[in-house]
Amino acid sequence: MRYLLLAIAVLFSATGTAQENIKEATTKAVEAFLYGASIGAPKAHDRFWAEELTYTSSSGERFGKEQLMSGMKDAKAKDPDNVKVWYGAEDIEVKQFGDTVVFNFTLTAEEEGKVTKYFYNTGVLIHRDGRWQAVNWNATKVP
């Protein structure tokens, strides 16, 4: 009986650790993307958004990666000292379904050291080619 309880404890701790690792990995991926978005780095967008992306903006527009990237063709990443708005993530919730994750969080927009806007964001992320990419994204401005 003692061995059965030990086996169950190990199984649950391994499952919890795996979930923690997924939360850590996806949080790092989203935070890296938000840093890249803050400095306006097209490479950050290209790396994070999957080719089959469906993005629903807070203004209600729906589009894919091609349209999203078209606005950044000639963009160059800014020097971090020249960034006016920094994006961040709060209240992160990760729900894993195999190699797919639903990533819910509150996106913050910080200007001059003060958060000025909040958006509820939900992304569906898949793990492929050694990285997490968003195949679906929804943003809703918090009133």
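I started with T140, which sits in strand β6, residues 131–141. Strands here are DSSP runs of E with at least two residues, helices are runs of H or I with at least four, and both are numbered from the N terminus. I was working on a predicted model, where local features need pLDDT of at least 70 and side-chain atom pairs count only at pLDDT 80 or more, while totals for chains, interfaces and linings use all residues. Residues are numbered from 1 along each chain as its sequence is written, and side-chain values use heavy atoms, with hydrogens and water left out.

**Entry: T140**

Is T140 buried, partly exposed or exposed? I found T140 partly exposed, because its relative accessibility is 44% (buried is under 20% relative accessible area, exposed over 50%, partly exposed in between, with a 1.4 Å probe and protein chains only). Setting aside residues up to four places away in sequence, I saw T140 touch S58, Y118, F119 and Y120 (a contact means heavy atoms within 4.5 Å). I also checked G60: its C-alpha lies 8.5 Å from that of T140, although the two are 80 residues apart in sequence.

**Entry: the sheet**

Next I followed β6 into its sheet. Six strands make an open sheet with mixed pairing, in the order β2-β1-β6-β5-β4-β3. The edges are β2 (62–63) and β3 (85–97); each has a single partner strand, so one side of each is left without a neighbour in the sheet. I looked at one pairing in detail: β1 (residues 49–56) runs antiparallel to β2 over two bridges (DSSP must find at least two bridges for two strands to pair). T56 has R62 in β2 as its bridge partner.

**Entry: T26**

Then I turned to a threonine in a helix, T26 in α1, residues 2–38. T26 counts as buried because its relative accessibility is 0%. What does the side chain of T26 reach? I found the backbone oxygen of K23, at 3.2 Å. Beyond its neighbours within four places in sequence, T26 is in contact with V94, V101, F103, L125 and W132.

**Entry: the whole protein**

Finally, I stepped back. I counted three helices and six strands, and along the sequence they follow α-α-β-β-α-β-β-β-β. Of the 143 residues, 34% are buried. Among contacts with a separation of 6 or more, 47% join residues 24 or more positions apart. The accessible surface is about 9,200 Å², and carbon and sulfur atoms hold 53% of that (Shrake-Rupley method, 1.4 Å probe).

Terms used:
Polar contact = N/O pair within 3.5 Å; in protein donor to acceptor, adjacent residues only side chain to side chain.
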